[in-house]
Amino acid sequence: MKLFSSVHDVTDINALVAEALKLKQDPYAHQHLGKNKTLGLVFLNPSLRTRMSTQKAGLNLGMNVMVLNIDKEGWALELQDGAIMNGTTVEHIREAAAVMGQYADIIGVRSFPGLKDREEDYSEAIFNKFVKFCGVPVVSLESATRHPLQSLADLVTIQELKTTARPKVVLTWAPHIKALPQAVPNSFAEWMCKADVDFTIAHPEGYALSSDFTSGATITHNQDEALKDADFIYVKNWSAYEPYGQITGGNEDWMLTNEKLAPTNNAKVMHCLPVRRNLELSDEILDGPNSIVVHEAGNRVWAAQAVLKQMLESL
Ligand code: CP
């Protein structure tokens, strides 16, 4: 594997999930693969889980790991081709990415959307420039439109904890006070549509995701109906795709509570984290027996390790 930016870069998702679960049982079995290899993790935005889990995954594989918070510690990056750099930007992404490729055998990049210009965000301009100019394999640590390491960890978690062959999985919108990207729900939907699950998306009117990511899903505005008989509930806020990046306010009654769990199949509740308590998800859910959010975050290591292993094997 030379690129991990979406589910479309994976030839066999079931095999990748199985690989992740195997690595969970025997984390240090492949340290020879990473010996004298360097993983460079580049963050243009904040992170706790992605940073630490991917770092740990690289270390488990015997790699050296370097982390650069380029938004805070690097030179201000110019992203536009042809720019006359007489403003605040100091280094062009062409040189910056190419230089990083001299120091690292595999590069991870996190780059969030601006949520102002849909065409620019959905073209993945920044992430694709890293891929184009760094010259080494690249793994997405969350881009403008997708978060594939999160989605792989989510599928690993569902596979690990499911009690029926084809579980019902519901992605439900949750309230928030800020406009958040569509990357996590886009990506989760894209992976679930390829997995052997019965997949439903529930959101208030005005929050439809791009149909490019949801083909095959059942989509409804009725959360109660969607939650009926659910085995897994994936809770996430996102801003509107149309009008792009907007939030309408209201819909506070979409926050998941124990009462809403009653008609489910004792559903396990997932969230990618970080989560705002009692806004997106109630204390009673997060502190109750149905929450698997910490277990899910733990699986980020094995998802990242499975991907890095495949990349190391292709070097
Ligand atoms: N879920 C996730 O990506 O967490 P971080 O933003 O903390 O990395």
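Residue numbers start at 1 along each chain as its sequence is written. Since the model is predicted, local features need pLDDT of at least 70 and side-chain atom pairs count only at pLDDT 80 or more, while totals for chains, interfaces and linings use all residues.

**Domains**

The chain splits into domain 1 (3-146 + 300-314) and domain 2 (148-297), with bounds taken from an automatic or database domain assignment. Their centres, taken over C-alpha atoms, sit 25 Å apart. Domain 1 puts 29 residues into the contact and domain 2 puts in 24 residues; contact here means C-beta atoms, placed from the backbone, within 7 Å. On the side of domain 1 that touches domain 2, the elements giving two or more residues are α1 (13-25), α3 (49-60) and α14 (300-313). Helices (H or I, at least four residues) and strands (E, at least two) are DSSP runs, numbered from the N terminus.

**The ligand shell**

Around the ligand you'll find S47, L48, R49, T50, R51, E142, Q150, C272, L273 and P274, where near means a C-beta atom, placed from the backbone, within 6 Å. Helix α3 gives the most to this shell, with three residues. Each of domain 1 and domain 2 supplies at least three residues to the shell.

**The five-stranded sheet**

An open sheet is built from five strands in the order β10-β9-β8-β11-β12, with parallel pairing; two strands pair if DSSP finds at least two bridges between them. β10 (218-220) and β12 (268-270) are the edge strands, each pairing on one side only. Neighbouring strands are turned by 20° against each other on average, direction ignored.

Strand β11 (residues 232-236) pairs with β12 in the parallel sense over three bridges. I233 has V269 of β12 as its bridge partner, and Y234 has M270. β11 also pairs with β8, again in the parallel sense, over five bridges, and there W173 stands opposite K236.

Two helices pack on the sheet. Helix α8 (residues 148-161) touches β8 (168-173), β11 and β12, and its direction makes about 170° with that of β12. Helix α9 (residues 183-192) touches β8, β9 (198-202) and β11, making about 165° with the direction of β8. For these angles, axes are lines fitted to C-alpha atoms, for helices over the stretch in contact, and values run from 0 to 180 degrees between N-to-C directions.

Both faces of β11 are covered: F232, Y234 and K236 on one side and I233 and V235 on the other are all buried. Buried means 20 or more other C-beta atoms within 10 Å of a residue's own, exposed 12 or fewer, and partly exposed in between, with C-beta atoms placed from the backbone.

Seven of the ten residues of helix α7 (residues 125-134) are buried, so the helix is largely enclosed by the rest of the structure. Those seven are A125, I126, F127, K129, F130, V131 and C134. They pack against β1 (3-4), α5 (93-103), β6 (106-110), α6 (118-122) and β7 (138-140). Just after α7, G135 takes a positive phi of about 75°.

G114 lies in the loop between β6 and α6 and counts as partly exposed because it has 13 C-beta neighbours inside 10 Å.
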